[in-house]
Amino acid sequence: MSNMYRVNRWSDFRPPNPAMLRHILVCEGYSVQQWGDSPGSAIPMHKHEKEQSHWIISGSFEMTVERNGTFILEAGDRDFIPAGTYYSARVLGDEHVIYLVGEK
């Protein structure tokens with residue numbers, strides 16, 4: 001994994017398939033959990049000791065990453081967060097955000 005935060009945008013015409021995304025993360029060596037956050041939710045600035053990847057299944061998330069800026073992740077988009085990177089997140093709009101969190 002790169003030591004820089006990055007986002008891969010969803011380019012498939014089909015909506016994201018959670019089972020397929022989970023399988024890909026597991027094959028890449030991540031332990032995976034599914035999470036969801038309600039409209040109006042915000043996660044304060046924090047960091048993790050392990051690298052993470054968030055893969056958005058539905059909804060829209062705004063990620064603010066220290067020294068990298070602010071990014072909007074929508075269904076199918078995936079980010080890569082190096083270990084020790086400070087970031088915050090908040091749900092955009094009126095839809096719950098459902099996403100997979102991979103950690104290794």
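This is a predicted model: local features need pLDDT of at least 70, side-chain atom pairs count only at pLDDT 80 or more; totals for chains, interfaces and linings use all residues.
R78 lies in strand β7 and is the bridge partner of W55.

Now widen the selection to residues 52-58, strand β4, and to residues 78-81, strand β7. The two strands run antiparallel and share four bridges. Is β4 covered or open? Mostly covered: seven of its seven residues are buried.

A reminder while the backbone is on screen: strands of a sheet pair through backbone hydrogen bonds, either parallel or antiparallel.

Next, colour the open sheet. Four strands make it up, in the order β3-β8-β5-β6, and their pairing is antiparallel. Which strands sit at the edges? They are β3 (42-46) and β6 (69-74), each pairing on one side only. From one strand to the next, the twist averages 20°.

Zoom in on β5, residues 60-65, alongside β6. Six bridges join them in the antiparallel sense. Show S60 and E74 here: S60 stands opposite E74, which belongs to β6.

Finish at helix α1, residues 18-27. Which residue caps its N-terminal end? Select N17. A side-chain oxygen of N17 lies 2.9 Å from the backbone nitrogen of A19. Then go past the other end of the helix to G29. This glycine follows α1 and has a positive phi, near 95°.

How values were computed
Residues are numbered from 1 along each chain as its sequence is written. Side-chain values use heavy atoms; hydrogens and water are left out. Buried means under 20% relative accessible area, exposed over 50%, partly exposed in between (1.4 Å probe, protein chains only). Two strands pair if DSSP finds at least two bridges between them. A polar contact is a pair of N or O atoms within 3.5 Å; within protein, one must be able to donate a hydrogen and the other to accept it, and residues adjacent in sequence count only if both atoms are side-chain atoms. Axes are lines fitted to C-alpha atoms, for helices over the stretch in contact, and angles run from 0 to 180 degrees between N-to-C directions.
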